[in-house]
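Dear colleague,

Please find below the structure that I am handing over to you. My notes on it follow directly after.

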Amino acid sequence: MGYEPLVQQNPLRVLNMGRENNQMGLVMARAGLGKTALLVQIALDAILRGKRVIHVSIGETIEKTKSWYDDILQLILQEHSVNRPHELIDMVARHRMIMTFKVAAFTRSRLEERLNDLVLQDIFRPNCLIVDGFDFETTDREALEDIKNLMESMNMQAWFSAIHHRGDSRISPTGVPAPCHEIDDLFDMIILLKPEHDATIQLDIIRNYGAQVEGGKGLLLDPTTMMVKEM
Amino acid sequence: MKKDLKKVRNIGISAHIDSGKTTLTERILYYTQRIHAIHEVRGKDGVGATMDSMELEKERGITIQSAATYCSWKDSDINIIDTPGHVDFTIEVERALRVLDGAVLILCSVGGVQSQSITVNRQMTRYKVPRIAFINKCDRTGANPFRVTQQLRDKLDLNAVMIQLPIGLESDLEGMIDLIAMKAVYFDGDQGDNIRIEEIPARLRDEAEAKREELLDAVSMFSDELMEAMLEESEIPEAMIHDAIRRGTLSLELTPVMVGSAYKNKGVQLLLDAVLAYLPCPTDVENTALDLDQGEAEVVVSNNPNDPLVALAFKLEDGRYGQLTYIRTYQGMIQKGDTIINSRTGKKSKVGRLVRMHANEMEEIESAGSGDIVALFGIDCASGDSFCNGVNWSMSSMHVPAPVISLAIKPVDNKAQINMSKALNRFTKEDPTFKTFVDHETSETIISGMGELHLEVYIERMKREYNAEVEVGAPQVAYRETITQRAEFDYTHKKQTGGSGQYGKVGGFMEPLEEGEYEFVDAIVGGVIPREFISSCDKGFQKSMAKGTLTGAPITGVRVTINDGSYHAVDSSDIAFQLAAIGAFKQGYSKAMPVIMEPIMKVAVEGPSEFQGAVMGSLNQRRGVIIGTFEEGNYTVVEAEMPLAEMFGYSTTLRSLTQGKAEFTMEFATYKQVPKGVAEELHKAFEAQKKDA
């Protein structure tokens, strides 16, 4: 498709992403640090690699979610010269579907029903699921395992975002803060967003496909554009 | 006559189709004593609601044109612009919004915020119209105004705060609790004329206290006095709360929510009180005009009746006595006998009759002050024109979308032919999104507009109001053609056999133009094409743009540059260079990879979640790109971008797929390239058609 340079130059390559399916990833941060921006960049990277992405937004509107993609895609187009940008924008639209749910309405059975609607009629066969706004505070281990099983049965990759509250000091032995400190073993990949003194935001990669990582991999979010950069 | 502008309200009533807008307007006119009996929209008495002035609207039970009507309530004048609810008539809604100062957003207590409410809300935000929400139909089964209020917050992003609480719901709806005065209000009598105020029923006391706290919390942001009073826990005067709500509403940061049932005559008078209390008067709103003498610099209109007149003609209607022009004045006065100047055409007109409109009836007046909405007789203009006297200003131009669908129409006989042209002439003046022209090759009359229903309504009106019976062809999508790459051309037009010859040579290139339709660049040096023939080339290119070679659709998005050529001292002429340019364009166009573009519509389908799969399947089959789904309770909205060409007859498909439980709206989004397979078919059909002709 001619988008290989975009894929190869993406700093996210450090993360070994797209190696395998059936994996679950987690992005954690305090409110407002750029979780959604990072998830959207992960999704766009998957789309550029020819994957289809379902973006589940819990408690958000379709319009707002779509504008995240539009904005970040514009930034990518500004940085890299792409022949026929319209085709790229079109391609992204065809490889992405947004599903928004009310906070309480998102359950495994609902999700499964919706995914089946799409797959059985051959409307959309997703490879990657992005779940933004999932409420980890009120979810137990069982519910999450349930979703993990669903992902495995459908041969999909999934990425979640979780909010870590400033006052909550609970933390797992591997360094995963609350509210995910007791379920961190379910995730194959964990990224923590940490604000630095110079207003940049570091990507602290706690786990990279099973392997524990020390000291991250030297990625950060540009505080003005929220784009992932190498240090 | 000088009026206190503080006591004028120009408001609109806007909502999703069938949420009871016309019924509400009817009740307002009744309580303000403009009419003396209530007729239902689909009433059995056969009279129909007063606001639906056109016969057709009565028949369909929908409101198409925004009639302006005037009434007075408690010493204040209210001009109501009734706006259509169907998205095909969006230009009408937008035009009405332009002249409003405030609006009432009506929502159905069962249906809640539906897609059309979202569109209307977006338009209101664009034109910065302060609004109050009225949750109607609280007497219906399944009514839940609390859910609707939450939707106003979630879906429309409004800071919606209930200022009333219903007493009972569905068939038990008795009245409402005023959370500011903390009183229960009931409506007695057959038509709800007698308002009875009582203490709040004991069973609702706690809930009312809690809701009042919520209300005070939300509005205290807008008033320091109120905030202080709350901190001191002293008695809070009602006026202080009203004032805070008004400030919040005017700043567009608060939307007070009221409840009621227009049909059951409950809550309408309180809504009128709220219109006076919270919606802006003309001087509260800043309107801007463009000064045509200063290169369209923005100027703020003064609202001062002593300044030169500035008025906007926002609606035309064809009445028995000629053209009726609805205007809104922004500053100055308009008086019978005045001379006013149309700033678009520069034409002077004399004001003959000035009237105040009430749906179908009218009242003669001598003059109208700044901020008023009145109608003029016998003024020739198009809607959207500005009238001035003393300055040369134009109210900022309104954004008019290009038509996306067209139909061929043919009058059945000679008489119909004459009536048809009269009707078309009128409609094009009334509605900038409605266009008409004659296709010279087929000599058919083509009408084009914003959707199937839009054109249907005009065909019906032709029949009813103008007695013009027409045969209607199949709807056609307005395709366009454009080029995708740069191409050179070098063409010589030569005809030098006998008599005066023709000679012209044009060289250069064409390239895609991202924004805009056509650009002509003259890069000729050394006079290889003489000055006087440059414009001939431009003309020739423009002629070529009218009809593409793939489907015969107009070509857009091309920049043509000429940089070479030659001429003959005797044989070169205007026409020779035009023909050379046409030849050159053809040559370049075929090399520039031309493609067909089609209109893409933004479609939203709403219905019960159980049908979501079927709905998505039907959209997918029609070459649609599904953007996303929105689930709430058992209700789902599917948003998609659909080619208009695939949407004909979709309402029937949708109805049978969902047992009539889903509905859809669509509006024009953009033009996109047609996929290869479809493009080939279109091209083949065009070739076949050419052969036939």
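Leaving aside its neighbours within four places in sequence, with which residues is Leu129(A) in contact? The partners are Ile54(A), Val56(A), Met151(A), Met156(A) and Ala158(A), where contact requires C-beta atoms, placed from the backbone, within 7 Å.

Before the rest, some conventions. This is a predicted model, in which local features need pLDDT of at least 70 and side-chain atom pairs count only at pLDDT 80 or more, while totals for chains, interfaces and linings use all residues. Residues are numbered from 1 along each chain as its sequence is written, and chains are lettered from A and ligands numbered from 1 in the order in which they are written.

Confidence

The model has an ipTM of 0.86 and a pTM of 0.63. For chain B the average pLDDT (the predictor's confidence in each residue, from 0 to 100) is 82, with 89% of the residues at 70 or above. Within chain B, helix 13 (residues 574–591) has the highest mean, 93, and helix 2 (residues 55–60) the lowest, 51. Helices (H or I, at least four residues) and strands (E, at least two) are DSSP runs, numbered from the N terminus. Residues 60–66 of chain B have pLDDT below 50, yet this stretch has 30 contacts in the model beyond near neighbours in sequence. Where pLDDT is low, the predicted coordinates should not be read in detail.

Lys51(A)

Lys51(A) sits in the loop between helix 2 and strand 2 (53–58) of chain A. Not counting residues up to four places away in sequence, Lys51(A) touches Ala46(A), Asn127(A) and Cys128(A). Asn127(A) is 76 residues away along the chain, but the two C-alpha atoms are separated by 5.8 Å.

Helix 9 of chain B

Eight of the 11 residues of this helix (residues 268–278) are buried, so the rest of the structure largely encloses it. Among the buried residues are Leu270(B), Leu271(B) and Tyr278(B).

Contacts between the chains

In total, 15 residues of chain B are in contact with 17 of chain A. On the chain B side, strand 36 gives the largest share, eight residues. That side comprises five nonpolar, six polar and four charged residues (nonpolar: Ala, Val, Leu, Ile, Met, Phe, Trp, Tyr, Cys and Pro; charged: Asp, Glu, Lys and Arg; polar: the others, Gly among them).

Yours sincerely

Note on methods: Two residues are in contact if their C-beta atoms, placed from the backbone, lie within 7 Å. A residue is buried if 20 or more other C-beta atoms lie within 10 Å of its own, exposed if 12 or fewer, and partly exposed in between; C-beta atoms are placed from the backbone.
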